[in-house]
Amino acid sequence: MRKLLMTTAAAAAFALAFASAPSRAAQWDGADDLATSPLACGTGANPAPAFKPYDGGKAVNAPNLAGKEITVVDVPKLIGIGYFNATTKGMQEAAKELGNVKVSTDGPTEAKIDEQIKFIDNYITRGVNGILFAANDPVAIAPVLKKALSKGIHVVGYDANSEPDAREWFVNQAQFNGIAKAMMDSMAKEIGEDGSFAIVTSTFTTPNQARWIAEMHAYGDKCHPKMKWLETVEANEDNVLSFNQATTLINKYGDKLKGIFGMTSVATPASAEAVTKAKECGKIAVVGLATPNAMKPYVHSDCVKSVVLWNPVDLGYAALEVMRAVVDGKLKAGDKEVEAGKLGKLQVVNGSEILLGAPFVFDKANIDKFDF
Amino acid sequence: MSAAASPVQILRRIASQEAMLAVAIIGLAIVVGFVNPRFLSANNLSDLLLGNAYIAVAAIGMSMVIVSGNIDISVGALIGVLATVSGSLAVAGYPIAFAWGAPLVIGIAVMAAQGAVVAYLGIPSIVVTLGMWSILKGGLISVTGGRWITDLPNSFHLADVEVFGVLPMPVLIMVGATILAAIWMRFWPGGRAIYAAGGNPEAARLCGVSPRRTTIFVFAAHGFFAGIAALMFATQLRVIQSTTPAGLELVVITASVVGGVSILGGVGTVIGSTLAAVLLAEIASALVFINVSPYWTHAVQGSLILATVIADILRRRRRLGAA
Amino acid sequence: MNRYLKRHETILAAILIVALIGLGYLNDQFLTLDNLLNQGRLMTEIGLIALPMTFVIVTGGIDLSVGAIVGLCAIVLGVAWKNWGLPLPLAVVVALGVGALAGFCNGLVITRLKAPPLIVTIATLALYRGLAEGISKARSVRGYPDWFYVLGQGEVFGVPTQLWILGACIVIAGVALDRTSFGRTLYAIGANETAARFSALAVDRAKLIVYTLSGLMSGLSAFVLVSRVTTTRSDMGLGYELDVIAAVVLGGASIFGGAGTVWGTVIGLVMIQLLKNGLALTGVKGDATIIVIGVVLIASVLIASSLERRRE
């Protein structure tokens with residue numbers, strides 16, 4: 001009996017030892033030591049980004065396939081989720097338009113960097129002409145991508161970047177600070193300049209999410225300093241876990257919580273559901289990144305006013321167009337823009353990134369036009 | 001400890017195993033309530049139960065499997081598949097009863113098949129269920145591509161139903177299933193056979209219990225409960241993700257294990273696993289309420305699980321005397 | 001006993017050869033030296049852990065916390081070097097030490113408390129993974145010196161560095177299990193632990209050793225992994241335990257203890273790795289590949305054990 005009591009006491013002490021932690025929000029470290037660069041507040045003009053010289057890698061002795069048919073493989077973070085189904089759709093559209101590209105999507109069934117590396121490795125062995133990727137980890141994926149480059153395979157990234165010299169170009173859906181601004185401004189509009197909010201994200205180690213949150217921190221400090229950041233919770237990519245976490249937040253803070261950010265296409269609908277179930281629609285705002293299909297019920301019931309995203313179909317489309325341009329020699333180091341089919345001319349920023357455009361906002365008016 | 005021990009002894013053993021969990025649940029609630037009284041609000045407590053009831057139900061079946069001396073790694077993937085099937089049927093216009101019933105039938109069938117392979121072909125359950133996990137996961141992605149299922153008809157949402165206007169359906173199902181399963185395992189020969197087959201298969205066979213048939217039966221029952229869990233899982237949200245929830249099997253096994261089932265077979269009750277599932281959910285929620293640093297949440301959870309497991313083992317060893 | 005073991009491995013080897021020939025026929029990049037050596041490089045992390053896991057399973061136990069220990073050791077390696085300022089070689093030793101310690105703790109609870117290994121290692125899995133997350137605070141450690149990458153990305157005499165290490169470990173493990181009294185003790189424990197105790201075998205010490213080894217090799221695996229991917233993440237090693245156990249049971253080890261060989265585990269490991277590789281090269285996608293692996297796992301064990309039964 002004594003041992004039992006001791007063990008339980010020890011466990012409780014262990015737990016409470018950490019309870020002395022101050023606000024959980026103050027714990028957020030941003031996870032990658034990179035500097036943040038918040039945009040100007042409101043609709044103020046942003047300084048033009050300083051020109052950065054090209055910093056991408058180079059395919060070594062790539063065969064000249066300008067105009068010829070090429071085989072491209074797309075290895076996203078994982079297969080079997082709606083977001084990457086959408087990017088695949090865009091790639092297939094581009095392939096059909098171009099007529100001389102065969103592209104297929106293949107990848108691990110779980111977002112594990114180790115698995116993704118093995119997939120890319122296998123395709124290098126198979127001998128494809130181009131690899132498109134969305135990295136689970138920017139540094140870990142670099143060795144295998146460099147291997148691809150050294151074998152003359154063209155490498156273009158989208159959605160989640162790798163180290164710049166491991167790929168030739170990276171199609172960025174929107175700048176990190178652009179997304180942060182869109183999210184924070186949407187939230188401020190809905191809950192006011194002194195509202196308090198919480199964040200539901202996937203994991204603290206998912207690079208994109210970590211950067212967005214860091215930029216949101218910085219932008220919030222700069223342009224919405226009175227908005228209170230309550231805390232950030234993890235929910236993997238699990239629907240029900242995200243729902244439970246959001247519900248816990250709602251119960252923990254009660255009236256103090258005015259808004260929830262969903263940082264993944266899973267967290268946002270789940271948070272919306274939690275708000276709906278708690279009958280707090282209209283009292284707690286939900287702003288987040290999500291695919292339109294998952295959000296339709298909530299946008300239609302007015303629980304969610306706007307969903308921020310870019311168009312992943314366009315993203316996939318652009319990625320493949322860029323790949324074709326690279327192979328054809330139409331896009332070279334130092335170029336300032338690239339022609340991308342129906343999307344027109346896309347800008348080159350940050351040395352070797354191609355910008356898709358401004359974040360897209362889905363709302364009640366337009367959400368039914370999309371099916372992904 | 002064979003199932004033929006006297007009712008008083010059994011009752012005493014049950015009382016202490018589950019009592020410890022119940023004490024932990026209440027104790028934790030009180031402690032956290034001190035730090036943040038909002039934890040004890042009716043809304044929070046009921047949300048806690050609602051959100052995790054499906055794990056408790058899945059743990060019922062898992063406990064039976066573990067008590068019978070086997071294990072199942074495929075249940076997480078199966079629940080994902082069954083939830084998708086259920087949602088797809090509902091969206092395709094089939095009657096709701098069919099959309100609810102199909103997962104139960106399929107769950108029973110898939111699990112019973114695994115049980116048959118284990119029983120009659122002699123393949124260890126860890127191999128069969130590990131293989132099945134891969135097959136189900138890959139199969140689900142191949143067939144659905146991970147599409148979101150939206151446009152679910154309103155009547156689909158079993159979780160929204162409130163019996164007598166007060167009791168949420170998932171909680172009712174969780175409690176009801178636990179009680180029924182516990183009674184069945186304690187008092188019906190078929191249920192007690194599970195303990196016998198798990199504890200000492202040879203002796204069981206000599207007593208006329210067929211371990212093979214019991215194994216298939218246990219897996220089938222597990223499939224039934226997995227089907228119910230899948231329904232609860234699918235009907236909670238307005239949309240269904242056609243994916244297999246990552247790590248769910250480990251959560252369910254943890255609930256069974258913390259609940260006191262012994263992997264050596266022959267010991268453990270489903271009441272324990274349900275209480276354990278509730279406790280684990282409570283811990284997860286409590287950690288958010290008392291502001292444990294988000295980076296240390298899982299470490300604290302892990303150490304609490306370890307502490308609970310060690311305490312349970314120590315307590316059991318004292319009961320049995322020096323082992 | 002000996003003939004039984006040889007038979008399972010032989011059947012498995014035969015299945016493997018058939019599969020290799022088939023896949024080699026379907027595409028010509030598969031059976032090239034380059035590809036096979038590369039696959040050897042990629043399977044080292046799982047392989048290193050599968051060796052002590054064979055020992056553990058032979059004793060009738062199991063260790064589900066190996067993946068979490070990999071994550072923990074990877075994080076400790078990075079943090080010890082960058083945050084605590086230790087010289088990198090010392091950081092590596094510390095990381096290996098942490099792995100061994102984690103395994104030792106597993107073994108301690110299992111032997112002192114006579115607790116079922118499944119239960120203990122499920123609990124420590126959560127704990128160790130949580131420690132990795134807590135210590136790392138979600139940051140990665142990168143930017144290692146060049147010599148550090150030789151282990152994971154370099155070659156010695158044309159063969160990947162880590163493959164030499166795996167080879168050496170396989171030989172040592174095989175000899176230990178098959179030829180030493182330590183190995184015989186493990187089989188005895190797995191066959192009938194009570195009888196083993198009554199035979200005055202040092203049961204607890206043997207178990208403690210195998211679980212500590214399991215943790216140590218997980219640490220070594222973490223070292224190889226970090227060297228190969230040039231960064232540390234707290235989610236490294238996620239899911240490794242199932243891959244390792246699949247290789248070991250495929251190789252003929254009985255989950256109830258008392259049977260299994262290092263040789264069988266190696267065949268199981270190679271089979272899973274080459275199957276995944278061969279299928280990918282043939283154009284089978286990721287989701288279909290894991291279905292095939294699942295089927296192969298069940299079918300191979302089924303075939304091997306039914307041929308077993310027929311001969312008895």
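What follows is a chat about a predicted model with chains A, B and C.

Reader: Before I dig in, what are the ground rules for numbering and confidence here?
Author: Residues are numbered from 1 along each chain as its sequence is written, while chains are lettered from A and ligands numbered from 1 in the order in which they are written. The model is predicted, and local features need pLDDT of at least 70, side-chain atom pairs count only at pLDDT 80 or more, and totals for chains, interfaces and linings use all residues.

Reader: Ok, what ipTM and pTM does the complex get?
Author: The predictor gives an ipTM of 0.90 and a pTM of 0.90.

Reader: And what's the average pLDDT of chain C?
Author: Chain C averages 91, and 96% of its residues score at least 70. That's the predictor's confidence in each residue, from 0 to 100.

Reader: What is chain C built from, in helices and strands?
Author: Chain C has 14 helices and 2 strands. Those are DSSP runs numbered from the N terminus: helices are H or I with at least four residues, strands are E with at least two.

Reader: What percentage of chain C is buried?
Author: 60% of the 312 residues. Buried here means 20 or more other C-beta atoms within 10 Å of the residue's own, exposed means 12 or fewer, and partly exposed is in between, with C-beta atoms placed from the backbone.

Reader: Which helix in chain C is mostly covered?
Author: Take α12, residues 240–250 of chain C, where 10 of the 11 residues are buried. Among them are Y240(C), E241(C) and D243(C), along with V244(C) and I245(C). After α12(C) comes G252(C), with a positive phi near 105°.

Reader: What does I69(C) touch?
Author: Leaving aside neighbours within four places in sequence, its contacts include G99(C), A102(C), Y128(C) and S218(C). Contact means C-beta atoms, placed from the backbone, within 7 Å.

Reader: How many residues are in the largest nonpolar core?
Author: That core has 352 residues, and V322(A), V57(B), A58(B) and L77(C) have the most contacts inside it. Helix α9 of chain B, residues 211–234, gives the largest share, 16 residues. A core is a set of buried Ala, Val, Leu, Ile, Met, Phe, Trp, Tyr and Cys residues joined through C-beta atoms within 7 Å.

Reader: What does L77(C) touch?
Author: Not counting residues up to four places away in sequence, L77(C) touches a set including A91(C), V92(C), F223(C) and T232(C).

Reader: Now the interfaces. How many residues are in contact between B and A?
Author: 44 residues of chain B contact 43 residues of chain A. On the B side, α12(B) supplies the largest share, 8 residues. By class, that side has 22 nonpolar, 16 polar and 6 charged residues. Nonpolar covers Ala, Val, Leu, Ile, Met, Phe, Trp, Tyr, Cys and Pro, charged covers Asp, Glu, Lys and Arg, and the others, Gly among them, are polar.

Reader: And how many residues does the contact between C and A take?
Author: 25 from chain C and 26 from chain A. On chain C, α2 (33–42), α13 (262–282) and α14 (286–311) each give two or more residues. The C side has 7 nonpolar, 11 polar and 7 charged residues.

Reader: Last one: what are the domains of chain A?
Author: Domain 1 is 70–173 + 311–355 and domain 2 is 175–309, with bounds from an automatic or database domain assignment. Their centres, taken over C-alpha atoms, are 29 Å apart, and the contact takes 7 residues from each of domain 1 and domain 2. Chain A as a whole has 10 helices and 14 strands.

Note on methods. Contact = placed C-beta atoms within 7 Å.
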